[in-house]
Amino acid sequence: METVNAFGLACPKPLMMAKTKIDEGARELAVQVDNETAVKNVSRLAEKYGLAVAVEEIEGGWSVNFTEGEGASAAAVAPAPVAACSPAGCGYAVFVGKDHVGEGDPQLGYNLMKMAIYTLSESDNVPASLLFMNGGVKLVAGDEQQIIDSVSKLIEKGTEVLVCGTCLDFYGLKDQLKVGEVSNMYDILGRMQDASKTITL
């Protein structure tokens with residue numbers, strides 16, 4: 001089994017190193033990481049390739065081990081389609097990089113963001129992906145129930161909600177995430193690339 005030492009590296013670097021090895025044909029791989037966000041992201045990558053995943057604690061962190069086996073198929077973990085595809089891409093993505101809309105009064109901006117997410121959840125044309133980064137992660141790790149309910153409703157309608165794990169770590173909110181899936185730069189940018197358009201709030 002080949003070993004990839006990704007100690008000291010923040011996501012998406014461990015994920016990219018693992019992907020490179022998989023793309024080169026590796027099917028038995030041990031990726032050593034020292035943070036839980038990387039464990040989740042690297043494990044999810046292996047599942048997308050249909051590989052079995054086992055995580056074991058090692059000195060200083062964890063070893064995420066990939067082997068041929070009963071892994072989840074790529075189709076099983078792909079986001080549910082919520083809009084027809086065109087030559088430009090599939091559906092649309094919404095990127096939330098802060099906890100407010102526009103500039104000016106902070107409370108007004110926060111209320112506008114809350115209304116925007118609620119409006120999206122009530123729409124018949126929901127986004128394929130809702131992507132939270134930087135200060136935007138505070139919305140899905142906060143105590144505003146209307147926001148949590150709106151994002152949950154979007155998930156029920158088929159929207160994939162990805163939340164930047166590095167950002168959660170930076171703000172000390174890793175254990176407070178209420179809704180959405182901890183993700184990484186690679187996957188979040190990938191959803192933007194796959195979308196026919198991206199709306200930034």
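Two strands are said to pair if DSSP finds at least two bridges between them. In this predicted model, strand 1 and strand 2 (residues 29-33) meet that condition, being joined by four bridges and running parallel. Within this pair, Glu-2 stands opposite Leu-29 in strand 2.

**The sheet**

Strands of a sheet pair through backbone hydrogen bonds, either parallel or antiparallel. Here, four strands build an open sheet of mixed pairing, arranged in the order 1-2-4-3. Strand 1 (2-5) and strand 3 (51-58) lie at the edges, since each pairs on one side only. On average, neighbouring strands are turned by 20° against each other, with direction ignored. Helix 1 packs on this sheet and touches strand 1, strand 2, strand 3 and strand 4 (61-68). The direction of helix 1 makes about 170° with that of strand 2.

**The two helices**

Helix 1 (residues 13-23) also packs with helix 2 (residues 36-48), at an angle of about 25° and with the axes 9 Å apart. Because angles under 35 degrees count as roughly parallel, helix 1 is described as roughly parallel to helix 2. Their crossing is right-handed. The residues that make the contact are listed below.

| Helix | Residues in the contact |
|---|---|
| Helix 1 | Pro-14, Leu-15, Ala-18, Lys-19, Ile-22 |
| Helix 2 | Ala-38, Asn-41, Val-42, Leu-45 |

Of the residues in this contact between helix 1 and helix 2, seven are nonpolar, one is polar and one is charged.

How values were computed. Residues numbered from 1 in each chain as written. Predicted model: local features only at pLDDT ≥ 70, side-chain atom pairs only at ≥ 80, totals over all residues. Heavy atoms only, no water. Axes fitted to C-alpha atoms, helices over the stretch in contact; angles between N-to-C directions. Parallel < 35°, antiparallel > 145°, perpendicular 65-115°, else oblique. Left-handed = near helix turned anticlockwise from the far one by under 90°. Contact = heavy atoms within 4.5 Å. Nonpolar A, V, L, I, M, F, W, Y, C, P; charged D, E, K, R; others polar.
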